[in-house]
Amino acid sequence: MTILADIAQKIRSKNAGPFWITIDIFCSTKESYARIEQSLSNEQVAHILGIPKEQIQRYDLPDLNVIKFSLPRPIVQGTRYDRDMHGASFANLIAEAEILDEAGTS
Amino acid sequence: MKKNITTKVLIPSGALGLSYDRAALHAGISRNPNIIAIDGGSTDSGPHYLGTGTSKYSRSTIKAQWRELMLARAEANVPLVIGTAGTCGADDAVDWLAEITREIAQDVDQDIRLAILKSSQPVSRIKTALENDQIKPLEPVLDINETCIEACTNIVALAGVEQIQKALETGADIVIAGRTTDTAIIAALPLARGCHFGGAWHGAKIGECGALATTKPNSGTIMITFDTHGFTVEPMAETARATPYTVSAHMLYENSNPLQLYEPGGHLDVTRATYTALDDRRVRVTGSNWVPSDIYTVKLEGARIGGYQSVSLTLIREKRYTNNIQTWVADVETACKTEAQEEVDGNFTLELRIIGLNATLGHLDKTAKIGTEVGILAIVTADTEGTAQEVAKILNPYLLHHPLSEQEEMPTFAFPFSPNEMFRGEFYEFCLNHVMILKDPMEAFYLTVEDVPQ
């Protein structure tokens, strides 16, 4: 099984203001970008983060070999049940997302 | 001859309080900038700072760095502007930095003209604006009403370039601004001098975190040169390089939309921007587009008390307990809640997070495994200080001695402190995600000028 961390160069999650999280997946090659872009679905990201898939905004940026996801924070920054003030740990969950092999199977 | 409007903005670092390379700052000063601009904060460290109107960084750090920038400013003989002073940009934080500024001016014997732009909003103004339908929600939509506005300990509006330009027009040597957008302090002078609109806002976004848009983020200092068509990025540290990749990738940073950026008075669109390497360390950007809006809006931020908290940490090394930690935690929560509800007045919540299992991500972490020890971070949050402290004390013996079953000797776990519960006081939460419509950009901001020493 291949996970995102095996083929992406860097995965970063940050707050974009108190109410949004943004996740940047940096790829070092066109090939890894294409593979992740095809395999990693909005449904998969929504499932991992426990939110409805309609809330996901996605930007495929081939010029940068970057795939970006932005979503309303599952828990608003700094509220009672927030565990991560800067939202940086969500990247670890995305890093463990399963990626299909080149033939499109897992 | 046509006036030269090329404008060089020197950005010492991503924020006052962060480290930067002093040689890079001095290199920047020797290049004759037109202005020095630095950010003083953001919401990223959480609602406490806006809630209390205080700075995240130590006064000593801020004073040491601000002193260096004031000396650099005097050497360059250009204005120095800081936005979002004191982390949150509330009036108390602005007053705090103004006081530090006066102390330094005296210490280093500088005569300066100081402009102070305040962004705090009186509750009455926000309530009136709400009644007059001048407050509009952003996504995700939060409910807003009079009660919520009255509960805020601080509300700030984010100034744009118009208010910073007014402050610069006073002839100020130093501008201390309350909450502003990160970009406004950088874009203000280039726009006032007639530089390209899209280029000014785009260059300001690239420069707002200092050298983060280069190969050497910690070097801090960067120069953005604005002109009639676009802008050029050049790091000031000798070994740092800006490349089309490092510059264009910065649009991703802490930004939900990498192609558009909303500001007071319009939005930036970089869809058609081109990034060209001038050499191996400078990048030229053109093709950025500014789209003006019909109405002028400023974003609001507000924080209110969300409750009072007490936390405690318990360490568990006993294998039978670590192996059954989720059962134990559920037992402790139930037992403590039951007792506290019988004995204590007031509303509270109790949450036990298992450090060493899934304290970081909670139920989202589906592959978490237990190690040889766990920490239990217990968080009591209540409507009043008294309830939080009472419930935390009721919890104490459960955390120390609660057995997994009644048929075993009472265990004792490790408390690192006495008392083990740490009262955190009030905690704050952000409660506005709105913009306010203004007829005149200055109507919600307050500008004063003083000569220091007076």
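Biologist: Buried area is the accessible area (1.4 Å probe) that two parts lose on being put together, summed over both. How much do chain A and chain B bury between them?

Modeller: Chain A and chain B bury about 3200 Å² between them, with 59% of it on carbon and sulfur atoms. This is a predicted model, in which local features need pLDDT of at least 70 and side-chain atom pairs count only at pLDDT 80 or more, while totals for chains, interfaces and linings use all residues. Residues are numbered from 1 along each chain as its sequence is written, chains are lettered from A and ligands numbered from 1 in the order in which they are written, and side-chain values use heavy atoms, with hydrogens and water left out.

Biologist: How many residues does each chain bring to the contact?

Modeller: Chain A brings 35 residues and chain B brings 38 residues, where contact means heavy atoms within 4.5 Å.

Biologist: And how many salt bridges are there between chain A and chain B?

Modeller: There are two salt bridges between the chains, a salt bridge being a side-chain nitrogen of Lys or Arg within 4 Å of a carboxyl oxygen of Asp or Glu. A:Arg83 forms a salt bridge with B:Glu351, and their closest N and O atoms are 3.5 Å apart.

Biologist: Let us change topic. What is the strand order of the four-stranded sheet in chain A?

Modeller: The order is E2-E3-E5-E4, in an open sheet with antiparallel pairing. Strands (E, at least two residues) are DSSP runs, numbered from the N terminus, and two strands pair if DSSP finds at least two bridges between them.

Biologist: Why is one side of E2 and of E4 left without a neighbour?

Modeller: Strand E2 (10-15) and strand E4 (57-61) of chain A stand at the edges with a single partner strand each, so one side of each has no neighbour in the sheet.

Biologist: How does E2 of chain A pair with E3?

Modeller: E2(A) and strand E3 (residues 20-26) of chain A pair in the antiparallel sense over six bridges. In this pairing, A:Asn15 stands opposite A:Ile21.

Biologist: What about the sheet in chain B?

Modeller: In chain B, 10 strands form an open sheet with mixed pairing, in the order E12-E13-E9-E8-E1-E2-E3-E7-E4-E20. Its edge strands are E12 (274-277) and E20 (446-452), each pairing on one side only.

Biologist: In which sense do E2 and E3 of chain B pair?

Modeller: Strand E2 (residues 35-41) and strand E3 (residues 80-87) of chain B pair in the parallel sense over five bridges. B:Ile38 stands opposite B:Ile82 in E3(B).
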